Amino acid sequence: MTSFHEQRDVVLAVTGASGAAIGLAVLDLLCGLGMRVHLVVSQSGKRTLLHEVGADAHDRMLPKAYRSYDNGDIGATIASGSFPVAGMIVAPCSMKSLAAISTGLSTSLVARAADVQLKERRRLVLMTREAPLHLGHLRNMTSVTEMGAIVMPPVPAFYNRPQSVQEIVDHLARRAVDLLGLPVAPLASAWPGEADFDQPKTEIGSAPKSTA
Ligand SMILES: Cc1cc2nc3c(=O)[nH]c(=O)nc-3n(C[C@H](O)[C@H](O)[C@H](O)COP(=O)(O)O)c2cc1C
């Protein structure tokens, strides 16, 4: 059995679905935990990073990663099950990448690395993002779930009364990292139960109350 010390490696893929900032937040969290992040950003992932985060977003990710790979590099270490990793997060995961993973069509490194997690029975967390969903999307989600992946769409938890988009992004990223099952304390704040829920001062849909 591989110890946590040996499993400091983890794969992070960013594909071309909306929500590129979540990939960035996941990278920061994993680095903060001392994990060695093996990063793959698809061509479309680079585009969404550019559109949604900024022109230098991809460049800012690269030095944080332990290693980064071209999505066409199917000879990379992470393309083999003999390379031990703690698991993989695809954040966000496009419907195209979901389809490739659900059918084992491993023509890209993202799809191949995900396939490896499934065959080695390791954690694979897919932050699948599209709306609305057609039956093919839903079937692909069912299929990857049957194979052992965890489908975690980036759907905000409104009961936390998030005050900013960044708060939503951070909470989703924490939930995704928690789902990897690393031997660390949970990162996402837990619902305290209705009895202990401290009602925020600001009502959703209303302007913040003036303090003047
Ligand atoms: C700005 C932008 C936003 C997109 N948002 C989504 C999305 O939310 N979900 C999705 O499945 N595809 C989305 N796409 C389309 C994918 O990027 C496209 O299908 C691509 O081929 C996915 O390739 P990849 O999985 O290799 O990254 C978006 C594309 C762009 C340019």
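Predicted model: local features only at pLDDT ≥ 70, side-chain atom pairs only at ≥ 80, totals over all residues.
Q: How do you know which residues of α1 and α7 meet?

A: The test is whether C-beta atoms, placed from the backbone, lie within 7 Å. On the α1 side, Ala 21, Ile 22, Ala 25, Val 26, Leu 29 and Leu 30 take part. Their partners in α7 are Val 169, Asp 170, Leu 172, Ala 173, Arg 174, Ala 176 and Val 177.

Q: What makes α4 oblique to α6?

A: α4 and helix α6 (residues 135-146) have axes 9 Å apart and pack at an angle of about 45°. Because roughly parallel requires under 35 degrees and roughly perpendicular begins at 65, α4 is oblique to α6. The crossing of α4 and α6 is left-handed.

Q: Which residues in α4 and α6 meet?

A: From α4 come Met 95, Leu 98, Ala 99, Ile 101 and Ser 102, while α6 brings His 137, Asn 140, Met 141, Ser 143 and Val 144. By class, the contact of α4 with α6 has six nonpolar residues, four polar and no charged.

Q: Where in α4 and α5 do residues meet?

A: Ser 97, Ala 100 and Ile 101 in α4 meet Val 110, Ala 111, Ala 114 and Asp 115 in α5. The residues of the contact of α4 with α5 divide into five nonpolar, one polar and one charged. Ile 101 is also one of the α4 residues that meet α6.

Q: Which of the 16 residues around the ligand come nearest?

A: Thr 15, Gly 16, Ser 42, Ser 44 and Met 95 do. The elements giving two or more residues to the shell are α2 (43-52) and α4 (95-103). α2 supplies the largest share, five residues.

Q: What classes of residues has the shell around the ligand?

A: The shell has 10 polar residues, four charged and two nonpolar.

Q: Where is the peptide bond from Ala 131 cis, and what is omega there?

A: The bond from Ala 131 to Pro 132 is cis, with omega near -10°. Pro 132 is found in the loop between β5 (123-128) and α6. Another cis peptide bond joins Ala 91 and Pro 92, where omega is about -10°. Pro 92 is in strand β4 (residues 87-93).

Q: What phi has Arg 121, which is not a glycine?

A: Arg 121 has a positive phi of about 60°. Arg 121 is found in the loop between α5 (109-119) and β5.

Q: Which residues does UniProt list for "transmembrane region"?

A: The unreviewed UniProt entry lists residues 12-37. In the model, this span is 50% helix and 19% strand, and its end C-alpha atoms lie 7 Å apart.

Definitions and conventions. Residues numbered from 1 in each chain as written. Near = placed C-beta within 6 Å. Helix = DSSP H or I, 4+ residues; strand = E, 2+ residues; numbered from the N terminus. Nonpolar A, V, L, I, M, F, W, Y, C, P; charged D, E, K, R; others polar. Axes fitted to C-alpha atoms, helices over the stretch in contact; angles between N-to-C directions. Parallel < 35°, antiparallel > 145°, perpendicular 65-115°, else oblique. Left-handed = near helix turned anticlockwise from the far one by under 90°. Contact = placed C-beta atoms within 7 Å. UniProt positions renumbered as here; feature names shortened; annotations may be inferred.
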